[in-house]
Amino acid sequence: MAEERPRRARRAREAVGLVRLLDLSARETLGWWLVTRIGIFVLSISAPLLFNRGTDYPNVWHAFLQWDVWHFKAVAEFGYNHGEPSGAPLAAFFPGFPALMRAASWLGIGYVGGGILVSAIASAVAGVYLARLAQYEYPQLANLGPKAALIWFTAPVGIFLAAPYTEALFCAFAFPGWLAARQGRWARAAIFVALASTVRVSGIFLIFALGVEFLTSKKRDWSSLPWLLLPVVPVVAFMAYLKKIHGSWFAWQQAQEKGWAREFTWPWTSLVHTVEAATKGHFPADRSDWTWMFRAELVALFVGLVLLAWLLWRRSWGEAAWVAATIGAFTTSFWVYSLTRATLLWWPLWIGLAVLVEKRPWLGRLYLAIAIPLAAVWAAAFFTGRWTG
């Protein structure tokens, strides 16, 4: 009994120390979140003024209303059974994010303002949990978590963590879900993955990855297996709803094919199409931004394949399944595109980069020297209506 008390006291001190470390990590992460959000806000009010091609004075407050934001706004405003008010089939978009846009708009800030608010909160939550996940995976590397979050916030495509897009919200569910899975808390993991599955089609790949993680985990608990069926429920429910209003269980896939050339294409053919699109002169002169972006897609594909090889080498089977499924989906469309944005969902990439930076600090300085200018260019391009992947 006397020996047990010192052990309990030591465990209590360790628990308190861990809580303090997590609190410090969260505060530092949120500090980086605030700094980077300020930078993006400055770009949102300056880029339309600096790079306006027309003679009319641009409405800088509408800078966020670009590309898919129109479609999310249309879903939030009209739902799925009012045709194509934004000029594209809306069944391609899962309902989680537009539903929160609509709810946030009740604050009187409009649908786009609601989407900006949702992404702001979600990116903060996701950043904190990315930091916690990094620290859980590498407890021997002190202060690794905030480094991973900073690298993620300053990603070249980081604008999509601030714009009314689905990336931030998806990560706000996926990151804590994966942390729970790594801890063997399967019910909690399933609930978060189910929420992520309401946000974007990537949830289907995350369900697959969670299943692989469960089967290969040393913390596998067969009594928790029924929980892994939970994330399938929102996907099937959405498909059933689309079947009712559009007559097809796979109306979301058909909408992707109709609006975004997502019809099945063999990977080698898709790669040929992408290389052609990345070649100078493939598009008219006024679409040079498309050529630039397709080159970025090829870089993202290369990064993804390197990441996949590293995960397989580490025998991180669940994370490898996640990255492989994502790459597989994007390389079986007519073109490889929007993969640049999907890199934001690859938490192993940002944690792996943080580990490299921890071991080789000069790599961190090099990363920021490259990533921050690219992030500014990407944001300016988005705010002025150019295609940004």
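Predicted model: local features only at pLDDT ≥ 70, side-chain atom pairs only at ≥ 80, totals over all residues.
Axes here are lines fitted to C-alpha atoms, for helices over the stretch in contact, and angles run from 0 to 180 degrees between N-to-C directions.

H7 covers residues 186–196, and its buried residues are Trp186, Ala189, Ala190, Phe192, Val193, Ala194 and Ala196. What do the buried residues of H7 pack against? Three helices: H6 (167–182), H8 (202–216) and H9 (232–246).

Take H6 to begin with. H6 and H7 pack at an angle of about 160°, and their axes lie 8 Å apart. Angles over 145 degrees count as roughly antiparallel, so that is the label for H6 and H7. Their crossing is left-handed. On the H6 side the contact is made by Phe170, Phe173, Ala174, Pro176, Gly177, Ala180 and Ala181, while H7 brings in Trp186, Arg188, Ala189, Phe192, Leu195 and Ala196. Sorted by class, that contact has eleven nonpolar residues, one polar and one charged.

Now turn to H8. The axes of H7 and H8 come within 9 Å and cross at roughly 165°, which means H7 is roughly antiparallel to H8 as well. This crossing, though, is right-handed. From H7, Trp186, Ala189, Ala190, Val193 and Ala196 meet Gly203, Leu206, Ile207, Leu210, Glu213 and Phe214 of H8. The class tally for this contact is nine nonpolar, one polar and one charged.

On to the charges. Side chains of opposite charge can pair when their charged atoms come close. Across the whole structure, a search turns up eight salt bridges. Glu167 sits in helix H6 and Arg200 in the loop between H7 and H8, 33 residues apart. Are these two buried or exposed? Glu167 is buried, because its relative accessible area is 0%, and Arg200 counts as buried at 13%, since the cut-off is under 20%.

Glu167 also forms a salt bridge with Arg341, where the closest N and O atoms are 2.6 Å apart. That pair spans 174 residues, from H6 to helix H14, and both partners are buried. Arg341 in turn meets Asp68 in a salt bridge of 3.9 Å, N to O. Asp68 is buried, and so is Arg341. Through shared partners, the salt bridges join Asp68, Glu167, Arg200 and Arg341 into one network.

Note on methods: Residues numbered from 1 in each chain as written. Heavy atoms only, no water. Buried < 20%, exposed > 50% of the residue type's maximum accessible area, 1.4 Å probe, protein only. Helix = DSSP H or I, 4+ residues; strand = E, 2+ residues; numbered from the N terminus. Contact = heavy atoms within 4.5 Å. Parallel < 35°, antiparallel > 145°, perpendicular 65-115°, else oblique. Left-handed = near helix turned anticlockwise from the far one by under 90°. Nonpolar A, V, L, I, M, F, W, Y, C, P; charged D, E, K, R; others polar. Salt bridge = Lys/Arg side-chain N within 4 Å of Asp/Glu carboxyl O.
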